[in-house]
Amino acid sequence: MTSSETAQLLDVLHLKLIFRTVEGTLQALDDVELHIRRGEILGLVGETGSGKSVTALSILKMIPENGRIVEGQVLLHGSDLLAENEEELRKIRGAKVAVVFQDPSASLNPVFTIRTQMRDMIFSHQGEVTDLEDRSVRLLSEVGFQNPKRILDSYPHELSGGMQQRVALAMALSCSPELLIADEPTTALDVVTQAQILALLKRIRDATGTSILLISHNLGVVAMACDRVAVMYAGCIVEVGPTEQVFRNPAHHYTRGLLNALPRMAPKGSGLPVITGSIPSLINPPTGCRFHPRCPSATEICGRERPKLETSRPDQLVACYHPAGEKQ
Amino acid sequence: MPTGLARYIARRLALALIVLLAVVTFTFIVARVVPSDPAELYVGPKATAAQRERARIELGLDKPLYVQYASYLLGLVSGNWGISLRAHTSVLGDILTYLPATLEIIILANIIAVMVGIPLGVYSAVRKGSLLDQASRLTAIAGVSIPSFWFALLLQLLFFGQLHVLPLEGRLSVDVSLYYPVKTITGFYVLDSLLTLNIVAFVDTLRHLLLPAIALAAYPIGLITRMTRSMMIEVLRETYIRFARANGIVERLIIFKHALKNAITPTLTVLGLSFAYSITGAVLIEIVFGWPGLGTYTLNAIIEADYPAILGVTIFGTMFYIVINLFLDILQSYLDPRVRFT
Amino acid sequence: MTIRRQKRRSESSLIFGLITRDALTMCGVAIIVFFVFVAVFAPFLAPYPAEGYGVPNPPNKFLPPSFAHPFGTDYLGRDVLSRVILGSQISLVVAVAVIALAIIIGTPLGAVAGYLGGKIDETIMRITDVFLSFPSLLLAIILLATLGPGLTNAMISLSLTWWPWYTRIMRAQAVSLRERTYVDAAKVIGVSNFWVLVRHILPNALTPILVQGTMDLSSAILAEAGLSFIGLGAQAPLPEWGLMISTGRIYILNYWWFPTFPGLAIFAIAVAFNLFGDGLREILDPKTRRFVEA
């Protein structure tokens, strides 16, 4: 097991999720373990299809029709979210754990003004409040709007992508949740707006102490904003640790491959390094470590038994029998 | 007024007027091809040649076509829609006399359709795949497939013939119209009886309205249920609904406010189609129920080749349809702000 | 992420697979096949074909349903079952003819309008707007008032009411398809506009037209029955279902069988066409196709 993690905000333990599809049962998540500390920004990084978004949805127990959580727990302050009934879950969503999605223009309801949508958010958790207008204005200025009243009167399609994402954030934060899940919050935005949103996320964490689970396939985004990072591959967590440490000194070979593949200024003709092979089918995943068919350091045990997350360097966990050595 | 709405209304109004003009012209031309001689109809079969000739001049049939067209247009605008060849009464006057009876059925039928169709569509979308869903799909298909006049006959057979709970035909029972006659204020018996506190007639009117309205409501119920269901299913899959759910918005608000408002706008289009259907469906229903409305008037006009009447009714019916659609378009653009800018 | 698409089986086997999966659609198809069979072999299936075509048999007036006459007899003593069976020929042929004619008129107009755009597009669209402003049956009624009642005239009038819908659908398809790269490619090679329309645009636009046409068959049957009911369509002694309901109307309370069974036939076939059209639309709608994510 991992090193004892006490007083965590959110613990995901042994999460196993499957999808029933036409072609078979998809093993989407296998024994996923994640710990989010109070007040930290934890990045969850991985390729498309690695299971990052699905993990986030599982935390909220918002999995699609054909999915099923086979085993596992999601402990918020020690009590299992997955065991709650629908009404309890609804109260927790938004009030304790909130989400923003990737495409802000699709996240906001096109036929209602921002004011109406904010009011519905607040009403759903706190009933009729007397200072609704003031709170809405304050929330919007906290996410960086100079003219909150104008925004409140607007419809979503009248706002730019960056503005929409900030509105979405304001709505998600309206009831002061303890954890904000940001699923690819900047992917649909241009680079400049990206930086602004990431800075905003950090500001929010600093001001309110809200933990943030930042999901992205972009290593640069994670490097910019996250305190710690968890790397996912094919439905498993393969490495966790402080961002700078992991990126400088990756222990898992997949993480190494990812970082090596980042385009760098290099002499002409040297080509882009790649990780050989391709993502495995999740209907028939490889036995043992799911990365072992592509791993240069794989041995016989790697194909036999799944490695568990264990401490390899200080404060860094890796699921590997042959973690890479320290870089000088 | 919300942004852009005024301009949208103005645009649609202008378009509607142009289309109306084209419709009038088209109808006028078509009616002119009628083989029978209007003058002969006017004076009757026993008239002399001289009388017929006088009728021709009186009806303006001796003037060139474009003059007739122009004077007809002027007449339309000023309220003179011609004289019914058969009854020698003003066509517009006739139309307005028979209109309320038909409108009563149409309005009640569409109210029933909306009150049944939208909730049915919403619930079957939310409980997709359940027994209720299958039942409502079948109802919808039955609604759009059933011949309205046949349904009307079956209703008569069941509710009058077998159960004896509802009347067979007409707007009022004979005894009610004798002992508790309805004073004509608006022409709408429902309103008039209420306004004059004639409760007996009020109840009787409603009893007579029920079967025709139900018969006419079948098709709209089918349309509305189907449309509401498919739109709700689509909307409930949208990201903004996921976002709302993921952040804990109350389910009641999600379905009946956040999803429904998005789903309702295409349903309004369907309501327009439903009114169009109602106008012509009324003709069929009125025959079955012996209802003294515009449908019966139209039918008699056709049988007797009373072309000013036919012309008048067609233009009126089309105008009504255009106005309803215009209203629905405007309502749609009010509900969905994105539409105004297309 | 590598999205692996479901191996593309041929379209027809996909359609077949999906049709058979939905029980309701299967019912619709079964009923349609049944009625087509009846229509084709009607003269042989009708127990009293002469009466079916209109020869009266007064001594048999108003007989209730029995083994000899499962649907009873009408006011002229004619066997209602035979009349209903023979009537299937009329209804099916008329419905198909009306829709086919509407498609033949409307589709080329829509294709031209959508593809060429500009003034031609505007003109054609305004004309369809005018036609579509008429409540459907009213237009047919006024056309019939001019042409005179009769089954053929009813068919023509109904087609003239219907074609604008297909023009609209076709135009929308043409507008979206003309931007596609393969159209540009064809034009660059020098294919004339006409051929581009015929070989590249039309085939791809057929699906929504097909779906709409199938569902319209049901409406066509209802419209034609309605016109006959009013007296503007089929004339006596044709065994047309709407006409039968019309003549039988006054007898509904005492001799319920002879307006009821023709109406049941109309209802059944309309339901069948609707079920089939519904099923077809669900299958062919790209949004309901499923992909597997790996």
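Two residues are in contact if their C-beta atoms, placed from the backbone, lie within 7 Å. This is a predicted model, in which local features need pLDDT of at least 70 and side-chain atom pairs count only at pLDDT 80 or more, while totals for chains, interfaces and linings use all residues. Residues are numbered from 1 along each chain as its sequence is written, and chains are lettered from A, with ligands numbered from 1, in the order in which they are written.

**View 1. Contact between chain A and chain B.** Chain A brings 25 residues to this contact and chain B brings 17 residues. On the side of chain A that touches chain B, at least two residues each come from helix H2 (86-92), strand S6 (97-100), helix H3 (104-107), helix H4 (114-126) and helix H7 (161-173) of chain A. Helices (H or I, at least four residues) and strands (E, at least two) are DSSP runs, numbered from the N terminus. H4(A) supplies the largest share of this side, 4 residues. By class, the side of chain A that touches chain B has 14 nonpolar, 6 polar and 5 charged residues. Here Ala, Val, Leu, Ile, Met, Phe, Trp, Tyr, Cys and Pro count as nonpolar, Asp, Glu, Lys and Arg as charged, and the others, Gly among them, as polar.

**View 2. Contact between chain C and chain B.** The contact takes 32 residues from chain C and 34 residues from chain B. Helix H6 (118-133), helix H7 (136-147), helix H10 (193-230) and helix H12 (257-284) of chain C are the elements that give two or more residues to the side of chain C that touches chain B. That side of chain C holds 23 nonpolar, 7 polar and 2 charged residues.

**View 3. The two domains of chain B.** Domain 1 (3-78) and domain 2 (98-335) are given by the domain assignment of chain B; such bounds come from an automatic or database assignment. Taken over C-alpha atoms, the centres of domain 1 and domain 2 of chain B are 31 Å apart. Their contact takes 17 residues from domain 1 of chain B and 15 residues from domain 2 of chain B. H1(B) gives the most to the side of domain 1 that touches domain 2, with 13 residues. This side of domain 1 of chain B has 14 nonpolar, 2 polar and 1 charged residues.

**View 4. The largest nonpolar core.** A nonpolar core is a set of buried Ala, Val, Leu, Ile, Met, Phe, Trp, Tyr and Cys residues joined through C-beta atoms within 7 Å. A residue is buried if 20 or more other C-beta atoms lie within 10 Å of its own, exposed if 12 or fewer, and partly exposed in between. The largest core has 243 residues, and those that touch the most other members are A:Leu213, A:Leu214, A:Ile237, A:Val238, B:Ile285 and C:Ile266. Helix H5 (residues 80-116) of chain C gives the most to this core, with 18 residues.

View 5. Chain C has 12 helices and 2 strands, and 47% of its 294 residues count as buried. The average pLDDT of chain C, the predictor's confidence in each residue from 0 to 100, is 80. Confidence in chain C is highest in helix H11 (residues 241-248), at a mean of 90, and lowest in strand S2 (residues 292-293), at 26. Over residues 288-294 of chain C the pLDDT is below 50.
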